[in-house]
Amino acid sequence: QDALPNETKQSMENIGISEIDINNFQDITPEKIFGEIFKIAKKNSPAVMRSIAIVLAIILLSALINSIKLSVKDRPLSGIIEIISTLCICFAVIHPIVNSINKTGSIIKGASRFLLCYIPVITGIMVASGNAVNASSYSMMMFSAGEIMSLISSEILVPLLNVFLALCIVSSISPNLNFSGICDMFAKTIKWILGFVMTIFVGLLTIQSLVGEAIDNVGTKTLKFMAGSFVPIVGSALGDALSTVHSCVKVLKSGVGAFSIIAAGFIFIPIIIDCLLWLLSVNICASFGDIFSLSNTSSLLRNSGKVISTMLAIVICAMIVLIISTVIVCDVEFLRSRT
């Protein structure tokens with residue numbers, strides 16, 4: 001719990017989870033969850049609305065100037081005015097998007113720190129419940145995932161998205177440099193790679209969990225059989241006690257897993273809401289640019305939307321790593337029965 005960001009701790013306290021307690025999880029309601037999400041959206045929306053109001057004002061002013069048909073020495077100023085308005089929009093929109101990119105890198109790095117603190121806890125509980133084989137494979141994969149997430153966020157994610165954003169800006173402003181095709185290819189490639197990697201990761205973790213659980217079940221049943229058969233007088237009682245202890249440890253594992261799932265959600269919800277607000281806003285402003293035939297402005301805003309959607313895909317994939325891996329390891333018996 002101490003590895004969580006302060007903002008995440010506050011959100012979890014607001015929905016009634018101040019500590020790992022099974023009773024607290026039973027009191028969670030959809031109203032509390034959506035109420036907290038609404039609070040986060042309300043907190044993030046003013047900055048977005050302020051920037052979008054500036055962008056709409058610039059678009060309307062540029063359209064008004066274009067309608068007047070100003071010219072100098074029989075040369076229309078509409079092209080120059082549109083370039084100037086596009087540069088002004090860059091000052092209003094690009095800086096907040098760059099801040100969101102940096103925030104995304106920090107959040108993913110913080111999530112990887114939480115994951116690296118969570119893995120030893122859940123692994124110890126799994127070993128105590130007799131799932132030593134499953135714990136070994138799970139800890140190996142998740143430690144690797146945590147290290148990769150931290151490395152990508154600090155060394156690759158932020159610089160790459162900033163370069164992507166710079167290409168989108170240059171492509172929108174300069175008529176002689178059209179990087180739209182490169183930007184589209186980059187966005188699609190990132191999303192395909194993310195989808196492929198997540199499919200391999202979830203599939204491999206599921207297979208390892210199913211096989212490890214099957215092996216661990218054999219060991220648990222063998223231990224129970226030996227206790228009931230070879231220990232005189234109290235053998236059957238000892239076997240029942242082993243089953244009771246095993247069930248209690250499962251309850252503990254479920255509580256820790258539920259805490260991890262909720263924590264992972266509230267780690268990423270603020271940046272997801274931020275990205276959704278920006279994505280909706282820039283697309284609305286781009287539509288206004290199309291209405292007034294401001295092609296450069298619309299192109300800039302739509303290309304910025306591509307950067308935001310790519311960032312959103314990366315954030316969601318990082319969140320899935322935490323949530324799906326916890327669901328698989330905490331409910332692997334259900335998965336095995338379904339399989």
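How many aromatic pairs does the count come to? The answer is 1 aromatic pair, and F114 and Y118 form it. Please keep in mind as you look around that this is a predicted model.

**The aromatic pair**
- The ring centres of F114 and Y118 lie 6.3 Å apart with their planes at 15°, and planes under 30 degrees apart count as stacked, so this pair is stacked.
- Helix α4 holds both F114 and Y118, which sit 4 residues apart, or about one turn of the helix.
- F114 is buried, at a relative accessible area of 4%, and Y118 is buried too, at 5%.

**The largest nonpolar core**
- This core has 84 residues, and F268 and L322 have the most contacts inside it.
- Two or more core residues come from each of α3 (30–68), α4 (78–128), α5 (132–173), α6 (180–230), α7 (235–291) and α8 (295–330).
- Helix α7 gives the most to the core, with 19 residues.
- Leaving aside residues up to four places away in sequence, L322 touches A111, F114, L115, M149, A264 and F268.

**I20 and its contacts**
- You will find I20 in the loop between α1 (6–14) and α2 (22–26).
- I20 is partly exposed, with 44% relative accessibility.
- Although 235 residues separate I20 from G255 in sequence, their C-alpha atoms are 6.7 Å apart in space.
- Beyond residues up to four places away in sequence, I20 touches F25, G255, V256 and F259.

How values were computed. Residues are numbered from 1 along each chain as its sequence is written. This is a predicted model: local features need pLDDT of at least 70, side-chain atom pairs count only at pLDDT 80 or more; totals for chains, interfaces and linings use all residues. Side-chain values use heavy atoms; hydrogens and water are left out. A nonpolar core is a set of buried Ala, Val, Leu, Ile, Met, Phe, Trp, Tyr and Cys residues joined through side-chain atoms within 4.5 Å. Buried means under 20% relative accessible area, exposed over 50%, partly exposed in between (1.4 Å probe, protein chains only). Contact means heavy atoms within 4.5 Å. Rings of Phe, Tyr and Trp (its six-membered ring) pair if their centres lie within 6.5 Å; planes under 30 degrees apart count as stacked, over 60 as edge-to-face and the rest as tilted.
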